[in-house]
Structures are given as structure tokens and as C-alpha cells.
Amino acid sequence: QVELVESGGGLVQPGGSLRLSCAASGVTFSMYIMRWYRQTPGNQRELVAQLHTDGSPIYADSVKGRFTISREVARNTIHLRMNTLTPEDTGVYYCNAEKFWGADRGRNYWGQGTQVTVSS
């Protein structure tokens with residue numbers, strides 16, 4: 001049974017940093033694509049960063065060079081390090097896991113989200 005629990009959100013000033021974490025129980029990283037999405041009011045969720053089963057990352061153009069996605073295998077946790085934050089980074093950040101190998105390929109799981117607010 002897969003459960004994703006995000007943490008680490010909060011209020012930060014422009015130019016500041018935050019690290020989000022996603023505790024991913026029931027997930028084997030070699031079998032799941034892990035993603036961070038964000039959503040702002042009135043907008044669809046947008047992909048921020050992805051970590052494929054082989055550990056290769058991709059990033060949205062808007063966060064390249066500022067955000068880093070990583071995985072901590074021993075703790076079954078995904079992190080999103082966010083630097084040089086701007087008000088445009090404000091939103092609810094969601095952790096997502098997509099089954100890539102094996103049975104139920106394509107099945108998606110979501111966390112409950114964590115709010116990030118960038119404001120002075």
C-alpha cells in the first residue's frame with residue numbers, strides 16, 4: 001500500500017530556501033517515477049521536477065538551476081531543495097509516484113500537499 005506524506009513547506013522571503021520532503025511508504029524507487037508538482041489557485045498542477053527509476057532528473061524550465069530533486073533510499077524519502085525562491089514559486093506542492101515497472105504500471109499516487117508561500 002502506497003502512502004506519500006509531504007513536509008517542509010512554509011513561509012519564506014524572496015531569495016530564501018526551503019527543502020521539501022516526501023516520505024514514500026510502499027514505494028520502491030527503482031519501480032516508480034517520483035515527481036513534485038505545484039498548484040496555484042485557478043491553475044492546473046504543473047510538473048516541477050521528476051526523478052525517474054534510474055535516478056535521472058528533469059526540471060521545469062522555470063526552476064532549472066534553482067531546484068534539486070533527490071532521493072534518500074535508506075529513508076524511502078524524496079526531497080526537493082528549493083533555492084533563490086521567488087513569489088512565483090508560491091503554491092501547494094504535491095508529491096506524486098507513478099508505477100513504471102511491474103503490475104499496475106501507470107498507476108498514480110498523490111500526497112496531500114504542502115503549502116509554500118514566498119513573500120516579504
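Predicted model: local features only at pLDDT ≥ 70, side-chain atom pairs only at ≥ 80, totals over all residues.
User: Which residues does Leu20 touch, not counting residues up to four places away in sequence?

Analyst: Leu20 has a relative accessible area of 0% and is buried. Leaving aside residues up to four places away in sequence, its contacts include Ser7, Gly8, Gly9 and Trp36.

User: How many Å apart in space are Leu20 and Met34, C-alpha to C-alpha?

Analyst: In sequence, Leu20 and Met34 are separated by 14 residues. In space, their C-alpha to C-alpha distance is 13 Å.

User: Which residue does a disulfide join to Cys22?

Analyst: The structure has 1 disulfide. Its S to S distance is 2.1 Å, which is within the 2.5 Å cut-off. The residue joined to Cys22 is Cys95.

User: How many residues apart in sequence are the parts that the pair of Cys22 and Cys95 ties together?

Analyst: Cys22 belongs to strand 3 (residues 18–25), whereas Cys95 belongs to strand 9 (residues 91–99). The pair therefore ties together parts of the chain whose separation in sequence is 73 residues.

User: Is the link of Cys22 and Cys95 left-handed or right-handed?

Analyst: Cys22 is buried at a relative accessible area of 0%, and Cys95 is buried at 0%. The angle about the S-S bond is -80°. With that angle, the link of Cys22 and Cys95 is left-handed.

User: Is the pair of Tyr37 and Trp110 stacked, edge-to-face or tilted?

Analyst: The structure holds 4 aromatic pairs. In the pair of Tyr37 and Trp110, the ring centres are 5.1 Å apart and the planes stand at 55°. Planes under 30 degrees apart count as stacked and over 60 as edge-to-face. The pair of Tyr37 and Trp110 is therefore tilted.

User: Which strands do Tyr37 and Trp110 lie in?

Analyst: Tyr37 is buried, with a relative accessible area of 17%, whereas Trp110 is partly exposed at 39%. The pair ties together parts that are 73 residues apart in sequence. Tyr37 lies in strand 4 (residues 32–39) and Trp110 in strand 10 (residues 108–110).

User: What is the angle between the planes of Tyr94 and Trp110?

Analyst: Tyr94 in strand 9 and Trp110 in strand 10 are 16 residues apart, and their pair links distant parts of the chain. Their centres lie 6.5 Å apart, and the pair is edge-to-face. The angle between the planes is 85°.

User: Which residues form one aromatic cluster?

Analyst: Trp110 pairs with Tyr37 in a tilted arrangement. Tyr94 and Trp110 form an edge-to-face pair. The residues of the one cluster are Tyr37, Tyr94 and Trp110.

User: Which residue has its charged end over the ring of Tyr94?

Analyst: Tyr94 is buried, with a relative accessible area of 12%. A charged end sits over its ring, 3.6 Å from the ring centre. That charged end belongs to Arg45.

User: Which residue lies over the face of Phe100?

Analyst: The distance from the ring centre of Phe100 is 4.5 Å. The residue lying over this face is Arg105.

User: What value is phi of Asn76 near?

Analyst: Most residues other than glycine have a negative phi. Asn76 lies in the loop between strand 7 (67–72) and strand 8 (77–82), and it is partly exposed at 22% relative accessibility. Its phi is positive, near 50°.

User: Where does Asp104 lie?

Analyst: Asp104 is a residue other than glycine with a positive phi, near 65°. Asp104 lies in the loop between strand 9 and strand 10.

User: Which residues of strand 11 point to one face and are buried?

Analyst: Side chains alternate along strand 11 (residues 114–118).

User: What is the bridge partner of Gly91 in strand 11?

Analyst: Strand 2 (residues 10–12) pairs with strand 11 in the parallel sense over 3 bridges, and Leu11 has Thr117 as its bridge partner there. Strand 9 and strand 11 run antiparallel and are joined by 3 bridges. In strand 11, the bridge partner of Gly91 is Val116.

Conventions:
Residues numbered from 1 in each chain as written. Heavy atoms only, no water. Helix = DSSP H or I, 4+ residues; strand = E, 2+ residues; numbered from the N terminus. Buried < 20%, exposed > 50% of the residue type's maximum accessible area, 1.4 Å probe, protein only. Phe/Tyr/Trp six-rings, centres within 6.5 Å; stacked < 30°, edge-to-face > 60°. Lys NZ or Arg CZ within 6 Å of the ring centre and 35° of its normal. Contact = heavy atoms within 4.5 Å. Pairing = 2+ DSSP bridges.
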